[in-house]
Amino acid sequence: MTTIVVVGASLAGTQAAQAMRRAGFDGRLVMVGAEPHYPYDRPPLSKSYLVDAEVDEERLRLRPTVDPDVLAADWRLGRRAVALDDQRSVVELDDGEQLGYDGLVIATGARPRRLPMADPPTDGVFELRTLDDARALRAALAAGPTRVAVCGAGFIGAEVAASARERGLEVTLVDAADAPLDRVLDTEAGLAVADLHRDHGVDVRLGVGVADIDRSGPRVDGMVLSDGSIVAAEVVVVGIGVVPNTEWLSSSTLTIDDGIVADETCLAAPGIVVAGDVARWPNPRFGGRSMRVEQWDNAIDMGGYAGRRLLAALDGGRVEPFEPTPWFWSDQYDRKIQLAGVVGERREVVQGSVAERRFVQIYGDGTGRLTGALCWNRPRQAIMARQLVTDGETMDAARTKLA
Amino acid sequence: MKVVVDFDLCESNAVCMAIAPEVFEVRDDDFLYVLNEHPGPELHDKVREAVERCPKQAISVVE
């Protein structure tokens with residue numbers, strides 16, 4: 001019987017498994033997950049879960065796993081893959097089990113990057129990736145700290161700051177960059193995010209790094225910033241990006257370069273596909289740009305694609321390349337921030353205004369081709385823009401259609 | 001098939017509209033409207049995809 005092993009039991013791995021079952025794969029399916037929990041949905045962890053003590057954890061569980069017959073998988077939860085021998089087609093787990101496979105899906109995701117002076121984070125310093133992280137942070141917020149200091153104004157940091165404010169807590173948000181979300185948004189749009197937080201009472205400090213964690217006793221006292229100032233806080237949250245989980249592959253022949261490098265069909269080696277945060281591939285839709293996308297929707301899309309791709313690899317079928325238009329959303333206070341596609345060197349607000357925090361800003365490359373659109377409280381336009389990027393439209397066309 | 005939206009969960013990400021515009025529409029007031037609660041068989045696959053792609057898992061179907 002054919003055996004497919006899926007390493008990584010979160011969104012991308014689950015979607016891959018579901019896609020393979022749907023496509024008729026009736027062999028043995030083994031799901032390996034490092035966490036003890038069945039697969040669950042991560043986006044609420046930085047949003048409603050932190051604010052609302054009533055969020056039911058059962059509701060977080062990913063639907064395809066609720067009915068055990070849907071995936072009919074052999075689960076290895078709370079177990080970590082520690083090595084891959086892709087010449088012998090064997091995955092080794094942390095308890096020594098050797099899992100042979102005919103096909104392998106790698107979706108091991110990423111983990112929070114840590115500050116060297118808080119590795120691992122303990123005693124009042126928190127990171128946020130897993131359900132266990134969220135439980136610990138929620139308990140700390142519920143205890144009513146006098147201030148929450150957040151290091152890093154990316155998605156996690158900004159959403160945690162918003163959630164803490166919604167709980168009525170005092171919050172300081174610090175980022176070494178000149179604007180929040182600087183890895184994905186243009187500076188002006190990032191500064192609008194900073195203003196949004198300031199208007200909700202967050203003390204936002206930009207262009208200043210965190211030099212140290214301030215501790216006089218066992219518990220954290222706050223953060224020492226690179227300008228010498230001190231932010232006194234009983235809770236420190238570190239959200240400074242993620243590191244793809246690839247160390248376990250060091251003895252394999254796979255190419256690792258800030259993620260596992262795959263071809264344009266998500267194939268990393270014969271019989272091995274990759275998906276989700278850990279996967280890097282050239283996206284033909286953006287001129288073959290090498291992408292590693294840390295987004296919920298991409299994990300769904302890429303997971304499903306990778307599952308189908310693997311089946312095609314096993315039976316010699318052909319597939320089209322994986323060429324999605326990325327899309328994400330972030331909820332902060334009463335704003336829904338969505339980016340379809342990617343930012344480009346040209347940009348233009350085509351509807352609303354940044355000042356009123358309800359707008360559509362399109363992005364284009366040097367030739368005027370649409371690369372993306374940023375929408376604040378404009379969900380309909382975000383979805384339309386995503387299709388326009390997929391269709392290869394120009395900024396001129398997008399201006400008319402989105403205005 | 002009957003389409004059911006939990007409007008307490010829905011936050012108008014409009015993903016469903018992109019997949020099945022015949023059934024789902026997010027209007028300029030930012031609210032989702034279900035245009036057709038009993039979509040015909042030709043739309044069932046699209047509706048099921050919308051159910052799976054909803055970021056809030058706010059859509060379900062009663063078969």
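Trainee: What angle and axis distance do helix α9 (residues 379-390) and helix α10 (residues 395-402) of chain A have?

Mentor: In this predicted model, α9 and α10 of chain A pack at about 155°, and their axes are 11 Å apart.

Trainee: Why are α9(A) and α10(A) called roughly antiparallel?

Mentor: Set the angle of about 155° against the cut-off: over 145 degrees counts as roughly antiparallel. The angle passes it, so α9(A) and α10(A) get that label. The crossing of this pair is right-handed.

Trainee: Which residues of α9(A) and α10(A) meet?

Mentor: A:Gln381, A:Met384, A:Ala385 and A:Leu388 come from α9(A), and they meet A:Ala398, A:Lys401 and A:Leu402 of α10(A). By class, that contact holds 5 nonpolar residues, 1 polar and 1 charged.

Trainee: Which domains is chain A divided into?

Mentor: Domain 1 covers 3-44 + 59-111 + 243-315, domain 2 covers 114-240, and domain 3 covers 334-402. The centres of domains 1 and 3, taken over C-alpha atoms, are separated by 32 Å. Domain 1 gives 6 residues to their contact and domain 3 gives 7.

Trainee: How much area is buried between domain 1 and domain 3 of chain A?

Mentor: About 470 Å², with 50% from carbon and sulfur atoms. A:Arg285, A:Phe286 and A:Asp297 supply 80% of what domain 1 buries against domain 3, more than any other three residues.

Trainee: And how many residues of chain B are in contact with chain A?

Mentor: There are 22 from chain B, touching 24 of chain A. The area buried between the chains is about 1,900 Å², and carbon and sulfur atoms give 40% of it. B:Glu52, B:Arg53 and B:Gln57 supply 33% of the area that chain B buries against chain A, more than any other three residues.

Trainee: What makes the backbone at A:Ala72 worth a look, in terms of phi?

Mentor: Phi of A:Ala72 is near 45°, a positive value in a residue that isn't glycine. Most residues other than glycine have a negative phi. You'll find A:Ala72 in the loop between α4 (68-71) and β3 (74-77) of chain A.

Trainee: Is the peptide bond from A:Asp119 to A:Pro120 cis or trans, and how do you know?

Mentor: Look at omega: for that bond, omega is near 0°, and the bond is cis. Most peptide bonds are trans. A:Pro120 lies in the loop between β8 (110-112) and β9 (125-126) of chain A.

Methods. Residues numbered from 1 in each chain as written. Chains lettered and ligands numbered in written order. Predicted model: local features only at pLDDT ≥ 70, side-chain atom pairs only at ≥ 80, totals over all residues. Heavy atoms only, no water. Domains from an automatic or database assignment. Contact = heavy atoms within 4.5 Å. Buried area = accessible area lost by both parts, 1.4 Å probe. Axes fitted to C-alpha atoms, helices over the stretch in contact; angles between N-to-C directions. Helix = DSSP H or I, 4+ residues; strand = E, 2+ residues; numbered from the N terminus. Parallel < 35°, antiparallel > 145°, perpendicular 65-115°, else oblique. Left-handed = near helix turned anticlockwise from the far one by under 90°. Nonpolar A, V, L, I, M, F, W, Y, C, P; charged D, E, K, R; others polar.
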